[in-house]
Each structure stands twice: as C-alpha cells, then as structure tokens.
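Hi everyone, thanks for coming. Let's walk through one structure together, and please follow along on the screen.

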Amino acid sequence: TCCRVWTCSARDRQLKVWDGATRRAIARKQLQAPVTDCVAIPAEVIPHVWTASGEASVRVRDYDGKERSHSRFPPNSNALRFKSEVRLMRYHHATQLMWVCCVNGIILVNPKTYEV
C-alpha cells in the first residue's frame with residue numbers, strides 16, 4: 001500500500017491503481033465519463049481519490065473506487081459542483097488542501113470537510 005499510483009484514462013474511461021514496486025495494475029474501475037484528471041489524497045489524511053471529467057464537478061471516491069457522498073454535495077449527487085469547468089487538481093501536503101483549478105480561477109477545498 002505504500003507505493004500505490006493512481007492513473008486515469010480518458011480513452012478507455014478507467015481509473016487504475018498501480019503497484020509502484022512491481023509496476024502492475026492491482027485494480028481497475030470502469031467509469032461512466034472520460035476522466036481528465038485524478039488525484040489521490042494520502043490515506044493518513046483521508047483515503048479518497050478525486051476525479052474530474054471535463055465538467056464543472058469533481059467526483060469523490062474511496063480507495064476501492066466507490067463513490068462517496070457528503071451533506072455538502074447537492075441533493076442526489078455524488079459530486080462537488082463548481083461554477084466553471086475543472087481543468088486540473090492538486091493536493092498540497094503542507095496545507096492539506098486540495099487545489100482545484102477551474103476555467104475562472106483556483107478554488108481551495110478542505111478534503112475532510114469539503115469546505116471551500
């Protein structure tokens with residue numbers, strides 16, 4: 001578990017987990033939409049993977065690929081919604097915040113509480 005690498009593929013719509021030591025895929029999750037970016041948040045913070053699909057939203061999954069929901073998400077939705085399309089995401093270790101780069105600006109999100 002110490003050497004997991006998460007990758008996303010827009011072409012085959014898969015989220016994959018690789019073992020960095022053996023360089024083999026250890027898990028695959030078929031997704032509904034092509035994924036444009038994915039970021040794994042360290043397990044010691046919260047074991048989640050955020051995926052963007054070229055929309056104004058981000059889906060949050062646990063390390064097993066199951067979609068997560070939260071009271072801050074819109075009703076009947078498993079996604080964080082933003083005002084413009086999500087282009088890039090990065091986790092900042094020093095601040096423990098997720099940087100979500102949208103067309104109209106950068107949004108900082110606490111991955112534990114989903115507060116903006």
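Let's start with Arg-61. Leaving aside neighbours within four places in sequence, Arg-61 is in contact with Leu-15, Leu-31, Pro-47, His-48, Val-49, Thr-51, Lys-66, Glu-67 and Arg-68, where contact means heavy atoms within 4.5 Å.

A word on where this comes from: this is a predicted model, in which local features need pLDDT of at least 70, side-chain atom pairs count only at pLDDT 80 or more, and totals for chains, interfaces and linings use all residues. Residues are numbered from 1 along each chain as its sequence is written, and side-chain values use heavy atoms, with hydrogens and water left out.

Back to Arg-61, which sits in strand S6; strands (E, at least two residues) and helices (H or I, at least four) are DSSP runs numbered from the N terminus. Is Arg-61 buried or exposed? Its relative accessibility is 5%, so Arg-61 counts as buried. Buried means under 20% relative accessible area, exposed over 50%, and partly exposed in between, using a 1.4 Å probe and protein chains only.

The side chain of Arg-61 also makes polar contacts: one of 2.6 Å with the side chain of Thr-51, and one of 3.1 Å with that of Glu-67. A polar contact is a pair of N or O atoms within 3.5 Å; within protein, one must be able to donate a hydrogen and the other to accept it, and residues adjacent in sequence count only if both atoms are side-chain atoms.

Last stop, Ser-77: this residue lies in the loop between strand S6 (57-62) and strand S7 (79-81). With 11% relative accessibility, Ser-77 counts as buried too.
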